[in-house]
Amino acid sequence: MSIEHRTIHVHGRVQGVFYRQSTRTEARRLGLSGTVCNNPDGTVTIEAEGAPDALDALEAWCHQGPPAAHVERVAAKPGPIQGYEEFEVKREA
């Protein structure tokens, strides 16, 4: 199975609406590892690794997020494998 890394930046009302915790739940459900954190500018950054189809599913989920979120834009790019063991929430970048 091929493993890829993707960095996803989510813009909009995505802090204070359980976006990070919901992302962790979705990423774990998809079998992904990585991290999710809030940024000082009000965005959320996700670093995720796993199968390409699971990364695609997470990226698609990010466009909506949890019910209280209002996502304006999602930007994703590939990156080097970091070797995360599980998916965790970080406080801030």
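The following legends describe close-up views of a predicted model. Local features require pLDDT of at least 70 and side-chain atom pairs pLDDT 80 or more, whereas totals for chains, interfaces and linings use all residues. Residues are numbered from 1 along each chain as its sequence is written, and side-chain values use heavy atoms, leaving out hydrogens and water.

**View 1. The largest nonpolar core comprises 22 residues.** Such a core is a set of buried Ala, Val, Leu, Ile, Met, Phe, Trp, Tyr and Cys residues joined through side-chain atoms within 4.5 Å; buried means under 20% relative accessible area (1.4 Å probe, protein chains only). Val10, Tyr19, Ile46, Leu58 and Cys62 have the most contacts inside this core. At least two core residues come from each of β1 (4-13), α1 (19-29), β3 (44-50), α2 (52-62) and β4 (70-79). Helix α2 supplies the largest share, five residues. Helices (H or I, at least four residues) and strands (E, at least two) are DSSP runs, numbered from the N terminus.

**View 2. Surroundings of Tyr19.** Contact denotes heavy atoms within 4.5 Å. Beyond its neighbours within four places in sequence, Tyr19 contacts Val10, Val14, Val44, Ile46, Trp61, Cys62, Gly65, Pro66, Ala69 and Val71.

**View 3. Arg20 and Asn38, listed by UniProt under "active site" in an unreviewed entry.** UniProt annotations may be inferred rather than shown by experiment.

View 4. Not counting residues up to four places away in sequence, Arg20 touches Val36, Cys37, Asn38, Val89, Lys90 and Arg91.

Technical notes
Buried < 20%, exposed > 50% of the residue type's maximum accessible area, 1.4 Å probe, protein only.
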